[in-house]
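Me: I am new to this structure. Walk me through the terms, please, and show what backs each one.

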Amino acid sequence: MARAEKVAAVAELTERFQTSAGAVLTEYRGLTVAQLGELRLALGDNATFAVVKNTLTKLAASEAGIADELSGLLSGPSAIAFVRGDVVVAAKGLRDFSRANPFLVIKGGVLEGKGMTPDEIGKLADLESRDVLLARLAGAMKASISGAAATMAALPVQMARLLAALQVKLEEAAPAQDTAPAVDAAPADAAASTEAAASTEAAPAEAAASTEAAPAEAAASTEAAPAEATASTEAAAPGGDAAAPGGDAGEG
């Protein structure tokens, strides 16, 4: 191979490594051209299968930054499946074909720049494909949306029930609030009645006191009047006596 052809081949492999989601390195010794064609058809749009030269592949892997992941796998006849679509579907296709055609041996590979062993690729093939996972996710989201819609639809009913219960509770509490002030006011009314009764009882007592005081005052006035009259009489008596002697003198 001319140098220019080698450079072009390395550049092409490097681009495939960089633009692919993953790469699976296989050994195809013993497979016929027809069988390799069947494998390419089985992979479909998920991967392209190409026979490569180890020396050129090592150079391309070094330029793509994955030399450590592939250097130990590049021995014997090699072919690489460059994954362009769902890596799970590609892994399933390679695994199923290798079971039907034991000459295809999966040696390892890289996925998003990380090395993978044959066992890890087999476990990857056991996973659900992206389409299946997306379908399940869509179903779960649809169920969640339906549940959320049902919940939102039930909210007005629940709110109406809550308001009705609150209204009943308020109506039951209203009579108790109206009765409480009347009970509190009763002692005040009784106290007022007691005070009025006390005032009524006090009035006769005051009247009796006034009645009792009036005779006492009248008696005092009566007793004072004779005393004053006696004093006046005693004061007039000497004058009369004086006049009497004067009369006697005139007569003599």
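The questions below go from the sheet to the helices and then to the core.

Reply: This is a predicted model, so local features need pLDDT of at least 70, side-chain atom pairs count only at pLDDT 80 or more, and totals for chains, interfaces and linings use all residues. Residues are numbered from 1 along each chain as its sequence is written, and side-chain values use heavy atoms, with hydrogens and water left out.

Me: Why is strand β1 called mostly covered?

Reply: Buried means under 20% relative accessible area, with exposed over 50% and partly exposed in between (1.4 Å probe, protein chains only). In β1 (residues 22-27), 5 of the 6 residues are buried. Strands here are DSSP runs of E, at least two residues; helices are runs of H or I, at least four; both are numbered from the N terminus.

Me: How do you know that β1 pairs with β3?

Reply: Two strands pair if DSSP finds at least two bridges between them. β1 and β3 (residues 78-83) have 5 bridges and run antiparallel. In one of them, T26 is partnered by A79.

Me: How many bridges join β1 to β4?

Reply: There are 6, again in an antiparallel run, with β4 covering residues 105-111. L25 has G108 as its bridge partner in β4.

Me: What makes β2 and β5 the edge strands?

Reply: The open sheet has the order β2-β3-β1-β4-β5. β2 and β5 (114-116) each pair on one side only.

Me: Why is α2 called roughly antiparallel to α5?

Reply: The two helices pack at about 150 degrees, with axes 9 Å apart. Axes are lines fitted to C-alpha atoms, for helices over the stretch in contact, and angles run from 0 to 180 degrees between N-to-C directions. Under 35 degrees counts as roughly parallel, over 145 as roughly antiparallel, 65 to 115 as roughly perpendicular, and the rest as oblique. So α2 is roughly antiparallel to α5.

Me: Which residues meet there?

Reply: Contact means heavy atoms within 4.5 Å. Q35, E38, L39 and L43 in α2 meet A90, G93, L94 and F97 in α5.

Me: What makes a group of residues a nonpolar core?

Reply: The members are buried Ala, Val, Leu, Ile, Met, Phe, Trp, Tyr and Cys residues, joined through side-chain atoms within 4.5 Å. The largest core here has 22 residues; L39, L43, F49, L94 and L104 have the most contacts inside it. Its largest share, 6 residues, comes from α5. A second, separate core of 17 residues includes V52, A60, I80 and F82.
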